Amino acid sequence: MDTPKLAIPRSLFVYAILYGGMVCMAGVLGVKQVALGPLAVEAGIFAFLLLVVLSSAVAELHGQAIATGLVRLGFVPLLMSAALIQLVLILPTDPGMYPPAVAAFPIVVGQGMRMMLAGFISYGTSQTLNVFIFNKLRGREGPGGLVWFRGMVASVVSQIVDTVLFISISFLGERPILALMGGQMLTKVVLSIVLVPFLITGAVTLGRALDGRRA
């Protein structure tokens, strides 16, 4: 019996599934603030870094157009998860639910419309920019040239843009934002420099292996 072949490359299939999951997880994890030594950042950055890595890896393996399409398709799980969260929040709570969880649930998953809009705008802009910069830096070197460096630079720039957009749209006029923006930006840049080169190199290598290509 012949094994059916996927209509799309195996790496694209796997990374698209992971990408959709990380889009949803970034908002949920972002509720918690974590301390990394002297640096403090919302925990959603880890899922967001994986989004950067996955979109860059797809751009390297399958081209800028497909990677940009992946970013746009990311709005589907993002919007559906936001709609489902709002639905669950308005449904009546079971009287037998664990009382502390009743109070905690809206805090963990609930977001104001302004912050939700900020998330949509910052996600779409920064991720599209990440793919554009990553591909633009390829220049004449072609696939495989300085993947770790291109991924790091694209991540740093896109993380800065993401922070500026999200914090400005979410909090401008409500609280001082410069200190908050500076701390978040510094942390995201440091994590991009430390983690992304290894993650993007690994993702591209794994993608080529999934597709049966040589490194």
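I began at Phe 149, which I find partly exposed with a relative accessible area of 35%, where buried means under 20% relative accessible area, exposed over 50% and partly exposed in between (1.4 Å probe, protein chains only). What I was reading is a predicted model, in which local features need pLDDT of at least 70 and side-chain atom pairs count only at pLDDT 80 or more, while totals for chains, interfaces and linings use all residues. Residues are numbered from 1 along each chain as its sequence is written, and side-chain values use heavy atoms, with hydrogens and water left out.

**Aromatic pairs.** I noted two aromatic pairs in the structure; rings of Phe, Tyr and Trp (its six-membered ring) pair if their centres lie within 6.5 Å, and planes under 30 degrees apart count as stacked, over 60 as edge-to-face and the rest as tilted. For Phe 75 and Tyr 123, I read ring centres 5.1 Å apart and planes at 80 degrees, so this pair is edge-to-face. Since Phe 75 belongs to helix H4 (residues 75-90) and Tyr 123 to helix H6 (residues 113-136), the pair ties together parts that are 48 residues apart in sequence; helices (H or I, at least four residues) and strands (E, at least two) are DSSP runs, numbered from the N terminus. Tyr 123 is buried, at a relative accessible area of 4%, whereas Phe 75 is partly exposed, at 25%. Trp 148 and Phe 149 form an edge-to-face aromatic pair, 5.8 Å centre to centre and with 75 degrees between the planes. Trp 148, like Phe 149, counts as partly exposed, with 41% relative accessibility.

**H1 against H2.** I then turned to helix packing, where axes are lines fitted to C-alpha atoms, for helices over the stretch in contact, and angles run from 0 to 180 degrees between N-to-C directions. The axes of helix H1 (residues 10-29) and H2 come within 8 Å and cross at roughly 155 degrees. H1 and H2 are therefore roughly antiparallel, given that angles under 35 degrees count as roughly parallel, over 145 as roughly antiparallel, 65 to 115 as roughly perpendicular and the rest as oblique. I recorded the crossing of H1 past H2 as left-handed; a crossing is left-handed if the near helix is turned anticlockwise from the far one by less than a right angle, and right-handed if clockwise. Among the residues making the contact are Leu 12, Tyr 15, Tyr 19 and Met 22 of H1 and Leu 50, Leu 54, Ser 55 and His 62 of H2, contact meaning heavy atoms within 4.5 Å. By class, the contact of H1 with H2 has 16 nonpolar, four polar and no charged residues, with Ala, Val, Leu, Ile, Met, Phe, Trp, Tyr, Cys and Pro counted as nonpolar, Asp, Glu, Lys and Arg as charged, and the others, Gly among them, as polar.

**H2 against H3.** Helix H2 (residues 44-62) and helix H3 (residues 64-73) have axes that come within 7 Å and cross at roughly 150 degrees, and H2 and H3 are therefore roughly antiparallel as well. Here I noted a right-handed crossing, with the contact made by Ser 55, Val 58, Ala 59 and His 62 of H2 and by Gln 64, Ile 66, Ala 67, Leu 70 and Val 71 of H3. The residues of this contact divide into six nonpolar, three polar and no charged.

**H2 against H6.** H2 and H6 pack at an angle of about 40 degrees with their axes 9 Å apart, and are therefore oblique to each other; the crossing is right-handed.

**Single residues.** Met 80, in helix H4, counts as exposed at 54% relative accessibility, and its C-alpha lies 9.2 Å from that of Cys 24, 56 residues apart in sequence.
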